[in-house]
Amino acid sequence: MSAEEIANKLWRLCDILRDDGVTYHQYLNELTYILFLKLSEVKEFKEDIPKEYQWSKLVATKDNKELFDLYRDMLANISTKAKNATITEIYTNASTTLRKPVNLRTLITAIDGIDWFEDTERDKIATIYENLLERNAGEKKSGAGQYFTPRPLINIMVDLMAPQVGEKWNDPAAGTFGFMIAADQYLREKTDNYFKLSAKERKFQIEKAFSGSELVQDAHRLALMNAKLHGLESVIHMGDTLSEEGKKMKDYDGVLANPPFGTKKGGERPTRDDLTFLTSNKQLNFLQHIYRSLHKRGGARAAVVLPDNVLFEDGDGQRIRKDLMDKCNLHTILRLPTGIFYAQGVKTNVLFFERGNTETGNTKKIWFYDLRTNMESLGKRNPLARNHFADFVLAYTGGIAIDKVKEKYDGKVSDKKREKINDPRWQVFTREAIAGKNDSLDVGLIADESLGKNGGGDDPIALANAAKTELTTIMRELDLIINELS
């Protein structure tokens, strides 16, 4: 069976379990508990699992009630009995949402009956698991979409950041660890799965090159499993980056992230005492954390997904943008199309910047690419794909096509080459021009043809339609915040 066929089979099992009151998100957690035990046998680390909870023990237990009792006992006690840190973390506070022993039997029998290897195919488990994570993110009722960034966007961000062997990369809002896994895969492709590296270099890549932090325990569990399946022994903290714990996360060569949308619950401010501007806006606080977490030795860089309000918010928002442009070379902003995240109305961007050696004057000009205006409708029927970024990549790299960027691009931005790109979506603004707009970065969008010339001019009908569209977007974003606070 192919990875896609196995993923389909595992996903359909959730439909069987629906009468047990199990949601898709709960099912994925349940599947993680069981798959990890099977994984320990397939990948030959079952000695890390206490003998009484090993996969062979579950499969050999024929009575459904005895199996169910053993499974519940395992979930309650394996985290304290196991000596492996990853196992302890994955099963911390684990509990089952299953109520019928026969449904547990169904899951175990189905997983045990799958041929996880084929002679002509590498280990498929990691691919299957990511497929399930993506399907879960598509189930809006689960809320899991907030932890999943579209894979094509992740890959483009990684390609343009061009990680190097020996560098330390971090995601302070790790979700299911997708950014770091993509960065790892990027380097594995360049080094023959790390076989071209020395034993010391290989150990560094597997254990220390990629790290993250995740606040939500379910997402943290999925991140640990995802990393393990991809051959990583990464440190993924469970905690709040915006608390005192986040002060330890620093000195990175690179950061890739998509911080959570919304405000901190109750509007409280972060407890960090090392952030200059403390606001209730989580994205602004994450942005501060990210550019401060990069080292100042030269070459430290980041690509971060942020909503539109970060570009124009007054007060602390303006001060944080100015601080960012002082401390870093904010060289590129990609205005993303709508409809690519689980919340359709949210408008987002990717900010690309490099930490300077000094604390002031690092941003001289900012290039903007508008991938939003007059863009085709994206969603489930027309999902975001790598080719949607082809023209942006060409502009960003100064002429290297999307299919060649992995081979040739080294992450260095060349203004001379960028200036030669002839694309109406590609615009540049000097730091002085940005300062003249009160440091607002809400620029770089081309005229929308549907509003007439110059975005509608003074046409009252066009202006009313534009205001109505903007109000709808604001209401959707408010809904997001309300849902998060509830």
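In which helix is Gln205 found? I looked it up: Gln205 sits in helix H10, residues 199-207. Helices here are DSSP runs of H or I with at least four residues, strands are runs of E with at least two, and both are numbered from the N terminus.

**Ground rules**

I am working with a predicted model, where local features need pLDDT of at least 70, side-chain atom pairs count only at pLDDT 80 or more, and totals for chains, interfaces and linings use all residues. Residues are numbered from 1 along each chain as its sequence is written, and side-chain values use heavy atoms, with hydrogens and water left out.

**Entry: the whole chain**

I noted 19 helices and 9 strands in the chain. Of its 486 residues, 53% count as buried; buried means under 20% relative accessible area, exposed over 50%, and partly exposed in between, with a 1.4 Å probe and protein chains only. I then checked contacts (heavy atoms within 4.5 Å). Among those between residues at least 6 apart in sequence, 74% join residues at least 24 apart.

**Entry: Gln205**

Gln205 counts as buried because its relative accessibility is 0%. Leaving aside residues up to four places away in sequence, I found that Gln205 touches Val165, Gly166, Leu187, Tyr194, Leu197, Phe210 and Leu232. A polar atom of the Gln205 side chain lies 2.8 Å from the backbone nitrogen of Gly166. I also looked up Asp184: it is 21 residues from Gln205 in sequence, and the two are 7.8 Å apart in space, C-alpha to C-alpha.

**Entry: Arg188**

Arg188 belongs to helix H9, residues 178-190. With 12% relative accessibility, Arg188 counts as buried. Its side chain also reaches the backbone oxygen of Gly231 at 3.5 Å. Among the residues Arg188 touches are Tyr194 and Leu232, both of which Gln205 touches too.

**Entry: H2 and the cores**

How many residues of H2 are buried? I got 17 of the 19, so H2 is largely enclosed by the rest of the structure. The helix covers residues 24-42, and Glu44, which follows H2, has a positive phi near 60°.

Next I looked at nonpolar cores, meaning sets of buried Ala, Val, Leu, Ile, Met, Phe, Trp, Tyr and Cys residues joined through side-chain atoms within 4.5 Å. The largest has 106 residues, and Leu153 and Phe210 are among those with the most contacts inside it. H2 gives the largest share of this core, 11 residues. A second, separate core of 30 residues includes Met249, Leu294, Ile434 and Val443.

**Entry: H4**

Helix H4 runs over residues 64-81. At its start, a side-chain oxygen of Asp63 comes to within 3.1 Å of the backbone nitrogen of Lys65. I found a kink of about 40° in H4, centred on Leu75; the bend at a residue is the angle between axes fitted to the seven residues ending there and the seven starting there. Leu75 is one of the buried residues of H4, which also include Leu67, Tyr71 and Ile78. The buried residues of H4 pack against H2, helix H3 (55-60), helix H5 (85-90) and helix H6 (101-112).

Methods. The expected span of a helix is 1.5 Å times one less than its number of residues. A polar contact is a pair of N or O atoms within 3.5 Å; within protein, one must be able to donate a hydrogen and the other to accept it, and residues adjacent in sequence count only if both atoms are side-chain atoms.
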